[in-house]
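I open this notebook to record what I looked up, entry by entry. The sequence and the structure are placed below for reference.

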Amino acid sequence: MPGSTGSLNSRFVVGDQARHELASWTIEARVFVSAANADGVIARRALERVPRAGQFDDIVNFELGLSGGQPYVRFTATDATDPTLVAGTALTQNAWNYVAASYDAANGTLALYYTDALDALQRATDTTLAGKVCMTEGTLVEQEISCGAGYFDGGTQRFENALPNGTRIDEIRLWEGVRSQDELNTYRLSTSRLIGDEELLDT
């Protein structure tokens, strides 16, 4: 899913497909961070819009984004909780960064990966989610994957949770199941692009 977003009022989407309904998943992307303390969605699969307080106000199968310049990952579980993991370290501004996340439903492990200022791949995990099941279906007609922003707000004529002006995203990949840190590092450092027919590569 290559692409970019150049303003607060732009995003790109991948239409609703049954193969995107993933209980275990890995999502990765490259993001050029243009502003300090950037907030917004890098990529997510939204299932339902609900009036909940805070930034994380929608039901999602998965969501990878930035909060205060720090990468985060979250999903909505069938018990109506939102397991969330935040890196604790901001990405490098005015540079390309690599971010990825995975959820292993069998082991209840949520993982977040991101590069530091020296381009080394860091990892944060939450291994306390045993029994947490991802929601994979909601009530929306279009349960799309959106990149760069969330839903359109008719009142403000803007997309919600949009990345700041000048932010760019590229090489977004969604995998069925869990990719290991070694596998992600191999993809990240490879000098050749994936061709699209790799085993378990969903989108």
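Which residues of E8 point one way, which point the other way, and are they buried or exposed?

Entry 1, the faces of E8. I note at the outset that this is a predicted model. I looked up strand E8, which spans residues 109-115. Thr109, Ala111, Tyr113 and Thr115 point one way from E8, and Leu110, Leu112 and Tyr114 point the other way. I found that all of them are buried. In a regular strand, side chains alternate between the two faces of the sheet. The count for the strand reads 7 buried residues of 7, and E8 is therefore mostly covered, buried meaning under 20% relative accessible area.

Entry 2, the pairing with E7. I next looked up strand E7, residues 96-104. E7 and E8 run antiparallel and are joined by 6 bridges. I recorded Tyr114 in E8 as the bridge partner of Val99.

I then turned to strand E9, residues 121-126, which is joined to E8 by 6 bridges and runs antiparallel to E8. Leu110 has Asp126 in E9 as its bridge partner. The hairpin of E8 and E9 has 5 residues between the strands, and Asp119 there takes a positive phi near 65°.

Conventions:
Residues are numbered from 1 along each chain as its sequence is written. This is a predicted model: local features need pLDDT of at least 70, side-chain atom pairs count only at pLDDT 80 or more; totals for chains, interfaces and linings use all residues. Side-chain values use heavy atoms; hydrogens and water are left out. Buried means under 20% relative accessible area, exposed over 50%, partly exposed in between (1.4 Å probe, protein chains only). Helices (H or I, at least four residues) and strands (E, at least two) are DSSP runs, numbered from the N terminus. Two strands pair if DSSP finds at least two bridges between them.
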